Amino acid sequence: MAVLQLRPVLTPEERQQKQKLILRDALALFSLFAIAIVLFFVTYLLFHSFSVHRQQLAQRWLARGDSALHAGQPQVAIDALRSALAYAPDEENLQIELAEALAAAGRTQEAVAYFNTLLETQPGNGLINLQLARLAARQGSEVLAIQYYQTALDGTWEGDGYIRRREVRLELVRYLIDCKRYEQARSQLLIAAGNAPDDPNIEIAVAGLLEQAQDPANTLHFYKKALQHRPVRLAALEGAGRAAYALSRYLQAKELLERTLNHPDFEKQPADIQAQYRNMLADADHILGLYPSSELTVRARAERILNARRIAQERLASCLSGKTAIPPQLQTLAGQWQQQPATLRLPQMEKDPELEQTIMQLVYQTEQITAQQCGAPTGDDALLLKIAQAPEAIELP
């Protein structure tokens with residue numbers, strides 16, 4: 001038969017004592033939790049304060065480094081940036097700035113090594129590749145510099161990547177021009193222009209670089225695009241006038257150069273620059289006065305052809321008189337003139353367009369051959385030589 005075990009019955013005093021023990025244990029546990037929480041927050045605040053202080057020190061040294069770098073004191077910048085990195089060793093921008101300071105100090109090998117280390121972790125960073133391109137250019141490594149420039153163009157950029165890429169592309173163009181890689185420079189410029197907004201400042205910058213890259217046709221195109229904006233910029237007028245002149249488009253050059261001289265800002269230019277454009281305008285005007293345009297009356301055109309004939313024959317005679325042995329080219333040229341009538345009158349010229357064409361071809365040949373054999377011409381001969389280089393372009397709009 002099972003025996004039932006009965007719990008002892010606690011007296012009121014025992015129950016009260018037990019409750020006090022439970023309460024005391026609960027309070028002790030709570031106190032431990034409270035102390036742990038307080039210690040956690042104190043530790044967090046101390047660590048946060050320490051981290052903030054380190055960040056402030058890093059920013060302070062960074063500001064000193066930036067100021068020194070902009071003041072042309074790269075060694076001071078290096079010391080400051082290294083101090084900044086001691087407080088923020090994982091800050092990538094600081095590492096990049098230190099590498100830039102090393103480059104500015106002429107410590108090229110150290111800078112290259114530093115940037116290459118950064119590149120291993122950030123191969124697509126546009127700024128790092130740009131800096132490596134500049135360093136390669138400084139070391140004379142053309143192929144490597146161009147490769148880094150191209151990688152920078154394809155890389156990632158902070159902020160407005162579109163603007164940064166355009167700036168990098170124009171920097172690459174300047175480098176290609178310095179290396180006389182004109183074809184590559186022209187190609188990059190046309191890409192830059194194709195992606196650029198309708199901004200006269202950009203169009204003028206692109207046109208100026210195209211001019212340096214020996215592309216007068218596209219130079220004229222972009223300067224004329226810039227002229228469509230108001231107010232008209234003097235730089236656009238000057239550039240368009242130069243480009244038209246270089247293309248032998250003297251009728252267009254005259255109109256553009258006249259506008260240049262009448263621009264309100266032209267008188268602010270240095271005296272030698274003003275003289276340059278005035279001389280170009282005078283030459284363009286004189287060339288148009290020599291050129292036997294098809295727009296002239298028959299008589300006026302014949303008069304100009306006879307005048308050009310006289311100038312060319314005098315140039316040939318002067319060239320021959322200075323030679324003890326006549327070169328074959330000059331002998332052939334002199335023989336061609338002897339085959340023409342010794343005397344020509346206006347009525348003859350007016351009635352014989354084929355003769356006009358023959359005479360002008362001889363004039364052009366004379367100016368070109370005598371320039372090769374007897375040196376650069378002056379006066380009207382120099383202007384006729386300009387016409388001879390591209391007679392069909394003289395009156396192009």
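L32 is exposed, with a relative accessible area of 57%. That puts it past the 50% cut-off for exposed residues. This is a predicted model, so please hear every value here as computed from it. L32 sits in helix α1, which covers residues 12-70. Together with L29 and F33, L32 forms a nonpolar patch on the surface, and the three share about 340 Å² of accessible area.

Next, the backbone. K180 is placed in the loop between α7, residues 161-178, and α8, residues 182-195. Its relative accessible area is 61%, so K180 counts as exposed. Q214 is in the loop between α9, residues 200-212, and α10. With 52% relative accessibility, Q214 is exposed as well.

Where is the cis peptide bond at P231? That bond runs from R230 to P231, with omega near 0°. P231 belongs to the loop between α10, residues 216-226, and α11, residues 234-246.

Now the charged pairs. Side chains of opposite charge can pair when their charged atoms come close. How many salt bridges does the structure hold? The count is twelve. I will go through some of them.

Start in helix α7. The side chains of E167 and R164 meet in a salt bridge, at 3.5 Å from N to O. Both residues lie in α7, three residues apart, which is about one turn of the helix. E167 is partly exposed at 43% relative accessibility, and R164 is partly exposed at 29%.

Helix α12 has a pair of this kind with a spacing of four residues, again about one turn of the helix: E255 and R259. The closest N and O atoms of E255 and R259 are 3.6 Å apart. Relative accessibility is 36% for E255, so that residue counts as partly exposed. R259, at 32%, is also partly exposed.

The last pair is K254 with D285, a salt bridge whose closest N and O atoms are 3.0 Å apart. Why does this pair tie together parts that are 31 residues apart in sequence? Because K254 lies in helix α12, residues 250-262, while D285 lies in helix α13, residues 271-290. K254 is partly exposed at 24% relative accessibility. D285 is partly exposed too, with a relative accessible area of 39%.

How values were computed:
Residues are numbered from 1 along each chain as its sequence is written. This is a predicted model: local features need pLDDT of at least 70, side-chain atom pairs count only at pLDDT 80 or more; totals for chains, interfaces and linings use all residues. Side-chain values use heavy atoms; hydrogens and water are left out. Patches are made of residues with over 30% relative accessible area and no salt bridge: like charges are joined within 9 Å, nonpolar side chains (Val, Leu, Ile, Met, Phe, Trp, Tyr) within 5 Å. Accessible areas come from the Shrake-Rupley method with a 1.4 Å probe; for residues, only the protein chains shown count as cover. A salt bridge is a side-chain nitrogen of Lys or Arg within 4 Å of a carboxyl oxygen of Asp or Glu. Helices (H or I, at least four residues) and strands (E, at least two) are DSSP runs, numbered from the N terminus. Buried means under 20% relative accessible area, exposed over 50%, partly exposed in between (1.4 Å probe, protein chains only).
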